[in-house]
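Hi,

Here's the structure I said I'd pass on.

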Amino acid sequence: MGDEKVKEEAMRMIGMFQVLPRLVVFDLDYTLWPFYCECRSKREMPSMYPHVKGIITALKEKGIDLAIASRSPTADIANTFLDKLNIKSMFVAKEIFSSWTHKTDHFQRIHSRTGIPFNSMLFFDDEDRNIQAVSKMGVTSIYVGDGVNLGALRQGLTEFTENQNASEKNKQRWLKKYSQNSSSSEKKDLK
């Protein structure tokens with residue numbers, strides 16, 4: 001399936017969801033491309049997984065911001081590859097640095113830079129430890145075994161919507177309980 005076909009399918013899929021993330025964050029190695037940057041040379045021409053270009057183009061066209069959170073020790077190579085693939089300008093934030101924090105520092109920086117709350121973010125990564133750590137921050141996080149593809153996008157949008165709906169129900173439950181408690185205490189005050 002070519003980039004344009006993937007983009008069309010991704011646009012159709014995104015259009016099926018009423019609740020969308022404000023920011024989609026991607027890891028790089030084994031998420032957008034099938035290799036580790038530190039094992040490559042800047043002189044090489046990188047390639048991405050087959051669905052990536054169409055998906056990120058569709059997200060961008062739907063008005064969803066994109067960012068990168070990568071623990072690569074070779075940010076220079078990663079940035080060179082993003083340039084060579086003509087996608088560097090598509091990302092509003094690029095946090096590419098080595099870290100022992102399972103990407104929580106990356107997400108703190110992305111949040112500081114964009115102002116977007118963690119619960120309005122969707123994240124794709126190939127390492128379960130990053131998925132678990134970032135999920136605890138409130139980010140909907142999706143594990144990808146073979147890179148980002150249309151199936152992962154569907155899963156991500158579905159889980160994001162479910163998380164938003166659960167959050168809204170909890171908020172409504174809390175508001176209802178709070179208003180009942182305050183109205184019963186007001187009645188006590190009137191006695």
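Before the notes, one term: I call a residue buried if its relative accessible area is under 20%, exposed if over 50%, and partly exposed in between, using a 1.4 Å probe and protein chains only. Keep in mind that this is a predicted model, where local features need pLDDT of at least 70, side-chain atom pairs count only at pLDDT 80 or more, and totals for chains, interfaces and linings use all residues. Residues are numbered from 1 along each chain as its sequence is written, and side-chain values use heavy atoms, with hydrogens and water left out.

Helices (H or I, at least four residues) and strands (E, at least two) are DSSP runs, numbered from the N terminus.

Let's start with α2. Seven of its 10 residues are buried, so α2 is largely enclosed by the rest of the structure. The buried ones are Val 52, Gly 54, Ile 55, Ile 56, Thr 57, Ala 58 and Leu 59.

What does α2 pack on? For the geometry, axes are lines fitted to C-alpha atoms, for helices over the stretch in contact, and angles run from 0 to 180 degrees between N-to-C directions.

As for who touches whom (contact means heavy atoms within 4.5 Å), α1 brings Asp 3, Val 6, Lys 7, Ala 10, Met 11 and Ile 14, while α2 brings Lys 53, Gly 54, Ile 55, Thr 57, Ala 58, Leu 59 and Glu 61. By class, that contact has seven nonpolar, two polar and four charged residues. Here Ala, Val, Leu, Ile, Met, Phe, Trp, Tyr, Cys and Pro count as nonpolar, Asp, Glu, Lys and Arg as charged, and the others, Gly among them, as polar.

Now the sheet. It is open, with five strands in the order β3-β2-β1-β4-β5 and parallel pairing; two strands pair if DSSP finds at least two bridges between them. β3 (93-96) and β5 (140-143) are the edge strands, each pairing on one side only. From one strand to the next, the twist averages 20°.

Further in, β1 (residues 23-26) and β2 (residues 65-70) run parallel and are joined by four bridges. Val 25 has Ala 67 as its bridge partner in β2, and Val 24 stands opposite Leu 66 in β2. Five of the six residues of β2 are buried, so that strand too is largely enclosed by the rest of the structure.

α2 lies across β1 and β2, running at about 135° to β2. Helix α5 (residues 128-135) also packs on the sheet, touching β4 (121-125) and β5, and its direction makes about 170° with that of β5.

Tyr 30, in the loop between β1 and α2, has a positive phi of about 60° although it is not a glycine. Tyr 30 is partly exposed, at 30% relative accessible area. Asn 86, in the loop between α3 (75-84) and β3, also has a positive phi of about 60° without being a glycine. Asn 86 counts as exposed, at 60% relative accessibility.

Cheers
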